[in-house]
Amino acid sequence: MVRMVLNINVTYKRIIISSLISAVTSLVILIPTLRKQKEYIVPDVSNMSVVDAEKTLKELGFIISLESETKPSDTVKEGLVVGTNPVNGVSRKKGTEITLIISSGQEGIILENYVGRNYYEVKGMLEANEIVVTVEKKEVEDKSITENTIIEQSPKEGVKVIKGGTVKLVIPDVITKYPN
């Protein structure tokens with residue numbers, strides 16, 4: 001009988017140990033699975049207003065960065081969203097910070113006042129920015145103005161000219177008179 005009692009105790013001990021091992025194994029496997037956050041695909045919010053893009057992203061549980069980036073775009077109107085960082089289409093967890101990239105419009109430059117500057121330097125700089133430069137010569141009364149000095153420009157200073165746009169530079173038409 002003592003042997004039977006010992007066998008029962010050993011059996012109970014095996015059952016208890018086996019149950020404990022199963023419970024610990026289950027916890028090790030289940031806890032990470034239960035705690036794992038669901039991931040969401042970052043949606044494409046391009047061509048949306050900033051307000052609409054923020055609303056769309058917040059509804060999925062993303063956080064919008066207080067800092068935004070700007071980027072020129074030939075296809076997205078200035079002020080609208082061009083894209084995000086991280087980019088659309090990737091999976092991210094709720095609470096991930098998303099940076100909006102805002103269109104600054106078509107790529108180009110803001111014109112400076114070029115009057116009084118050397119025509120060749122300005123022309124080279126504008127053409128390096130893919131701006132078409134036309135030149136016009138104009139007769140002037142003031143003979144102190146040198147031949148390659150810009151005397152007028154169109155458009156005026158402060159205007160944004162996009163790639164492929166045209167700037168007209170006016171230089172003096174210097175007529176050289178030779179002695180007889």
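Here are a few questions and answers about a sheet and its salt bridges in this predicted model.

Local features here need pLDDT of at least 70 and side-chain atom pairs 80 or more, while totals for chains, interfaces and linings use all residues. Residues are numbered from 1 along each chain as its sequence is written, and side-chain values use heavy atoms, with hydrogens and water left out.

Visitor: What is the strand order in the open sheet of three strands?

Guide: Strands are DSSP runs of E, at least two residues long, and two of them pair if DSSP finds at least two bridges between them. The edge strands, β8 (132–138) and β9 (152–154), each pair on one side only. With mixed pairing, the order is β8-β11-β9.

Visitor: Which residue in β11 is the bridge partner of Ser154?

Guide: β9 pairs with β11 (residues 166–172) in the antiparallel sense, over three bridges. In β11, the partner of Ser154 is Lys168.

Visitor: How many residues apart in sequence are the parts tied together by Glu136 and Lys168?

Guide: These two form a salt bridge, closest N and O atoms 3.5 Å apart (a side-chain nitrogen of Lys or Arg within 4 Å of a carboxyl oxygen of Asp or Glu). Glu136 lies in β8 and Lys168 in β11, so the parts they tie together are 32 residues apart.

Visitor: Is Glu152 buried, partly exposed or exposed?

Guide: Glu152 forms a salt bridge with Lys138, at 2.5 Å between the closest N and O atoms. Buried means under 20% relative accessible area, exposed over 50%, and partly exposed in between (1.4 Å probe, protein chains only). At 31% relative accessibility, Glu152 counts as partly exposed.

Methods: Helix = DSSP H or I, 4+ residues; strand = E, 2+ residues; numbered from the N terminus.
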